[in-house]
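Student: I would like to learn how to read a charged pair and a helix packing from a set of coordinates. Could you take me through both, with the general idea ahead of the case?

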Amino acid sequence: MNNKSVSDFISKNIVQLAVPVAMIIIGLFFIIYPSDAIGITVKVIGIVFVAVGLILSGTLLAAFSRFTMAISITLIVLGIVCIAAAGSVASFVIKMLGIIVLVNSALRIHDAYVIKGVSDKYINYIINDAITLVLGIILIVMPLTAAAIFVRIVGAVMMILGVSNIITVFKVYKDGKYIEDGTDVVWEE
């Protein structure tokens, strides 16, 4: 591509390039600052709760229904708590998830033990559920560390998808023209 083709490419594909570039930037942020990403996510959820609660409380339904007004007030309070104590809320939610995983895997280990004489594959079930049990314990004992690892993995996936999408945009556009890549009908200019 020459300079005119590059500037033409960017001007014509700015929309197609915006999302992949944003994915790469957000992915880098998730990898470099996972704790901040968790905090920002909880705060954004808090802002959404407050906004939804305020909108809901201003409706006619809330004016006539005490239940709807109670839901809107609850959403506003939960949103304020999420904004004020993002780290504590994230830790609490992850610990609750750990408890759910722990209880579920314990029940599934019991179920696998029950089929011990019926199926030869019960040991596979026990191994799988034992690994899940360990994951539940990790989520309870180290909630923010486990969440940070997960956020880093999500960030890496977002970066890979962003780069892949940029490569796709470059492959579809060649020498100032859209080309047919064999998978989809693409028009030429």
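**Reading a charged pair and a helix packing**

Tutor: Let us begin with Asp129, which is buried, its relative accessible area being 3%. Please keep in mind throughout that this is a predicted model.

Student: With which residue does Asp129 form a salt bridge?

Tutor: In general, side chains of opposite charge can pair when their charged atoms come close. Here the partner of Asp129 is Arg108, and the closest N and O atoms of the two are 3.2 Å apart. Arg108 belongs to helix H6 and Asp129 to helix H7 (residues 122-141), so the pair ties together parts that are 21 residues apart in sequence. Arg108 is partly exposed, at 38% relative accessibility, and a search of the whole structure finds 1 salt bridge.

Student: Is Ser105 buried or exposed?

Tutor: Ser105, which lies in helix H6 (residues 86-114), is buried, with a relative accessible area of 1%. Leaving aside residues up to four places away in sequence, Ser105 touches Asp129, Thr132 and Leu133.

Student: At what angle do helix H2 and helix H3 pack?

Tutor: Two packed helices are described by the angle between their axes and the distance between the axes. For H2 (residues 14-32) and H3 (residues 34-57), the angle is about 115° and the axes are 5 Å apart, which makes H2 roughly perpendicular to H3. In this contact, Phe29, Phe30, Ile31 and Ile32 of H2 meet Pro34, Asp36, Ala37 and Ile40 of H3; the residues divide into 7 nonpolar, no polar and 1 charged.

Technical notes
Residues numbered from 1 in each chain as written. Predicted model: local features only at pLDDT ≥ 70, side-chain atom pairs only at ≥ 80, totals over all residues. Heavy atoms only, no water. Helix = DSSP H or I, 4+ residues; strand = E, 2+ residues; numbered from the N terminus. Buried < 20%, exposed > 50% of the residue type's maximum accessible area, 1.4 Å probe, protein only. Contact = heavy atoms within 4.5 Å. Salt bridge = Lys/Arg side-chain N within 4 Å of Asp/Glu carboxyl O. Axes fitted to C-alpha atoms, helices over the stretch in contact; angles between N-to-C directions. Parallel < 35°, antiparallel > 145°, perpendicular 65-115°, else oblique. Nonpolar A, V, L, I, M, F, W, Y, C, P; charged D, E, K, R; others polar.
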